[in-house]
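The following questions and answers examine one protein chain. Please consult the sequence and the structure alongside each answer.

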Amino acid sequence: MLKRKNYWLLFAVLLLALTSLSPSMELNTDHGSYPPRQPLDQSERPPSGEAGEIESLQIRVSLSTEEFSVLEQISKEYALSSGVSVILKNVEAEDGGAQVRDELTIGTSPDIVMLDGHSIYDLATRGYLLPVDIYQSVPGSTPLTMLIPQMQWNGYNWGVPLDIDPYVLVYSPERLAGMGFAEVPASLEQWNMLLGRLKEDPEKKRYLLAMDTQNPYGYAAVLHSMGSSLLSASLEQAQWTEAARSYLYLTSRFNKEIWELLQDGKLAVAAVPLSEWEKHGNSTLAVQMPKKQEGIPSYEGIHSRFFALPAQSGSPEAAVKWLAHVTSSTAQLEWLENTDRLPALDELYRSAQPKIGKLPMEAGWFLAEDNTPSSGSEAEWSWKAEAALGLLTGKLNAAAYEAVVKSPLE
């Protein structure tokens, strides 16, 4: 009798243990479409992120002083309407990317960070970001088609685009005519000819090209004019770059000296952001967009900036609402008006806004289907872009560059 009573007691204990388990505790060994670091479980987020108790958002950006002032004003409008305090912190635009990456790596990042569009894929696949669209539909309208591969991975959206800035080729028609050219060279052969003209008079020190060493977009624009691209550059283009290196004026995109060099005839061509041309260009200079060439994408020469949610973001829903406000069509037109950075929304190009209509290219240039990145291009971008900058700055010669870009991606 005593033994039977023990059996019943053991059965009752087991039954109590089973019924106390929550259904939400079921084991799920399928990682599905998420990276190894899973998005924050909203039922387990810290008290500071609970609905109704959000007091502030921490946001890290990399902007010029003028741009930061514009963002502060747009953000204040959101803070007034939502009651959420928004704390913006700006880091030097030239160093911001590296600093944000370091913060994401060690887990000390704020609720929202600003990133170069091409860095999103790498950070998302490493588990450093949260997918934006699990908290809310992607804010704003549909982005430009060319930007979608930068923000998507595994069926999720990992960033929200703020703006774009195409790199253009600027020159003095008068000075370039003196070298025998009516406009910027449109092939590798023509670039070789222009380089040869400069070499004919070595004592008269003149530069062939001014390019940015902080990012590869200017070089991508030049490669496009040669009928190539950053993702498919051949040994021939690499050898030309190596041969022309002593005639390159390597600088940052914010260097104002290049405008004087262009007008003085000391510089043949400069690859600069369109926003810089809008600020410093004048009637004595001309601007040329990379011309469309069969099979050569133009989007590689376009710098894009995105907002993203770090994996440690404490208030992702509130963060996404802020993103919806600052990237809305109204806010993007205000951003364009005050910063000369172009909007990232598809609808603003289709509606032919007057400001966009004044650009040195038709608005339809940004909507062309042949300007869409190919599948898998983001997986190749970071290491090929790094190799291109290494080639420009002399860290790699042409042979080493070819070996790097042709090596299998691990």
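Q: How many bridges join strand 4 and strand 12, and in which sense do the two strands pair?
A: In this predicted model, local features need pLDDT of at least 70, side-chain atom pairs count only at pLDDT 80 or more, and totals for chains, interfaces and linings use all residues. Residues are numbered from 1 along each chain as its sequence is written, and side-chain values use heavy atoms, with hydrogens and water left out. Helices (H or I, at least four residues) and strands (E, at least two) are DSSP runs numbered from the N terminus, and two strands pair if DSSP finds at least two bridges between them. Strand 4 (residues 129-130) meets strand 12 over two bridges, and the sense is antiparallel.

Q: Which residue in strand 12 stands opposite Pro 161?
A: Strand 7 (residues 160-171) also pairs with strand 12, antiparallel and over six bridges. The residue opposite Pro 161 in strand 12 is Phe 306.

Q: Which residue in strand 12 stands opposite Met 114?
A: Strand 3 and strand 12 run antiparallel and are joined by four bridges. Met 114 has as its opposite number in strand 12 Phe 307.

Q: Why is strand 12 described as largely enclosed by the rest of the structure?
A: Buried means under 20% relative accessible area, exposed means over 50%, and partly exposed lies in between (1.4 Å probe, protein chains only). Both faces of strand 12 are covered, with Ile 302, Ser 304, Phe 306, Ala 308 and Pro 310 buried on one side, and His 303, Arg 305, Phe 307 and Leu 309 buried on the other. Strand 12 (residues 302-310) is largely enclosed because its buried residues number nine of the nine.

Q: Which handedness has the β-α-β crossover from strand 1 to strand 2?
A: Strand 1 (residues 56-61) and strand 2 (residues 85-90) are parallel and share six bridges. Within this pairing, Ser 56 stands opposite Ser 85. A crossover is right-handed if, with the strands pointing away from the viewer, the path from the first strand over the helix to the second runs clockwise. The chain passes from strand 1 through helix 2 (residues 65-82) to strand 2, and this crossover is right-handed.

Q: Which residue in strand 3 is the bridge partner of Ile 59?
A: Strand 1 is joined to strand 3 (residues 112-116) by two bridges, and these strands run parallel. In strand 3, Ile 59 has as its bridge partner Ile 112.

Q: Which class of aromatic pair do Trp 191 and Trp 240 form?
A: Rings of Phe, Tyr and Trp (its six-membered ring) pair if their centres lie within 6.5 Å; planes under 30 degrees apart count as stacked, over 60 as edge-to-face and the rest as tilted. By this rule there are nine aromatic pairs. The centres of the Trp 191 and Trp 240 rings are 5.9 Å apart and their planes lie at 65°, so the class is edge-to-face.

Q: How many residues apart are Trp 191 and Trp 240?
A: Trp 191 is buried at 0% relative accessibility, and Trp 240 is buried at 4%. Trp 191 belongs to helix 7 (residues 188-199) and Trp 240 to helix 9 (residues 235-244), so that the pair links distant parts of the chain, and the separation is 49 residues.

Q: Is Asp 212 buried or exposed?
A: Asp 212 is found in strand 8 (residues 207-212). A polar contact is a pair of N or O atoms within 3.5 Å; within protein, one must be able to donate a hydrogen and the other to accept it, and residues adjacent in sequence count only if both atoms are side-chain atoms. The side chain of Asp 212 makes such a contact of 3.0 Å with the side chain of Tyr 167, and one of its polar atoms lies 2.7 Å from the backbone nitrogen of Gln 214. With 1% relative accessibility, Asp 212 counts as buried.
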